[in-house]
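Subject: Handover of a structure for your study

Dear colleague,

Please find the sequence and the structure below. I would ask you to keep them open while you read the notes that follow.

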Amino acid sequence: MSPGIETGPFGSLDFCFVAHSPMSREKVIGPCHICGIEGELSFEHVPPRSAFNSRPVRVARGRQLFSTPNIDELRTERQNRGAGDYTLCERCNNNTGSWYGAAYSDWARQGMELLSRARGDPTLIYPYRILPLRVIKQVVCMFFSINAPDFRTRIPYLEEFVLARERKYLPDDIRIYAAYTTSPHTRSAGASGILYEAGGFTHGVIVSEIGCPPFIYVMTLDSESPDRRLGDISWFAHSGYAESRSIDVRLPVLPINTPYPTDYRTRDEIQKAAAMSAANAGRPDHERER
Ligand SMILES: [Zn+2]
């Protein structure tokens, strides 16, 4: 681990798991992830710089993520300006930042204070005072940034949702879920197909995920929630642009210990699974421990 890189009250932010293309240090030309216009791209912090993302991070990307099952051994590169990438044109970056950035940072600050007061384990419902529509629009902007440029063409409605600042409501097939996290590891994953087992059945979902203290966000695309513990915050999109509301939020606290999207296993659970897998190696199916 690399010591001395600190963020928020939960210690060092050692790794940022990023699953998209490598970042160039040159002037970056390409399509804006929100409006699609080709041109020079500006650096978009994800989450916003003022939401506990102004310190250096160590980033593991692409194939590096799967070079070892032990996250402490991942090869990383230092990114001094915080987590993010060159993804938005100047206009989209400035507009969405000025419309939604401050409201988002306020929500993140309240979340971080709550986690800090509750020592990382909030068990009660806590009241927030926020501008819900602006918060969820910033979250959607973050999903644009961490996904590939063609994400905008897969869900055309979302471009208008963030560029028309008064626009309310998400389409029925797009849900946004949230949880708290105090993990020193952050993770972002573009739209991915995930298989998981529940109730004796294998389920398939398409999700995109951003996890960075104090929050984890999961966007589902025409899919059910991959984890019932996550709280649905899609209703934030029902408020007006200037509507400040007192809301009660109850969210679980989930860890991030692997690069795999929506994997919220604790370190103990991961070690037990690895031990069982080793014990079962070479055994016929009917003799396997489960
Ligand atoms: Zn743009």
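Two residues are in contact if their C-beta atoms, placed from the backbone, lie within 7 Å. With that rule, residues 24 or more positions apart account for 75% of the contacts in the protein chain that have a separation of 6 or more.

The model is a predicted one, in which local features need pLDDT of at least 70 and side-chain atom pairs count only at pLDDT 80 or more, while totals for chains, interfaces and linings use all residues. Residues are numbered from 1 along each chain as its sequence is written.

Overall content

The protein chain holds 5 helices and 13 strands; these are DSSP runs numbered from the N terminus, with helices being H or I of at least four residues and strands being E of at least two. A residue is called buried if 20 or more other C-beta atoms lie within 10 Å of its own, exposed if 12 or fewer, and partly exposed in between, with C-beta atoms placed from the backbone. Of the 290 residues of the protein chain, 40% are buried.

Helix 1

Helix 1 covers residues 90–117 and has 28 residues, which at 1.5 Å a residue should span 40 Å; its end C-alpha atoms are 38 Å apart, in agreement. The expected span is 1.5 Å times one less than the number of residues. The helix also has a kink of about 50 degrees centred on Tyr-100, where the bend is the angle between axes fitted to the seven residues ending at a residue and the seven starting there. Gly-97 is in helix 1 and is buried, because 20 other C-beta atoms lie within 10 Å. Its C-alpha atom is separated by 8.0 Å from that of Gln-138, 41 residues apart along the chain. After helix 1 comes Arg-119, with a positive phi near 55 degrees.

Strand 8 (residues 174–180) is largely enclosed by the rest of the structure, because 6 of its 7 residues are buried. Two strands pair if DSSP finds at least two bridges between them. Strand 8 runs antiparallel to strand 11 (residues 215–221), with 7 bridges, and Ala-179 has Ile-216 as its bridge partner there. Strand 8 is also antiparallel to strand 12 (residues 231–232), with 2 bridges; Ala-178 is partnered with Gly-231.

A nonpolar core is a set of buried Ala, Val, Leu, Ile, Met, Phe, Trp, Tyr and Cys residues joined through C-beta atoms within 7 Å. The largest has 63 residues, and those with the most contacts inside it include Val-135, Ala-178 and Tyr-217. Helix 2 gives the most to this core, with 10 residues. Not counting residues up to four places away in sequence, Val-135 touches Ala-103, Tyr-104, Trp-107, Ile-130 and Phe-236.

Backbone exceptions

Most residues other than glycine have a negative phi, and most peptide bonds are trans. Which residues does a cis peptide bond with omega of about 10 degrees join? They are Pro-213 and Pro-214, and Pro-214 lies in the loop between strand 10 and strand 11. The peptide bond from Val-46 to Pro-47 is also cis, with omega near -5 degrees.

Phe-52 is not a glycine, yet its phi is positive, about 65 degrees. Phe-52 counts as buried because it has 23 C-beta neighbours inside 10 Å.

Yours sincerely,
A colleague
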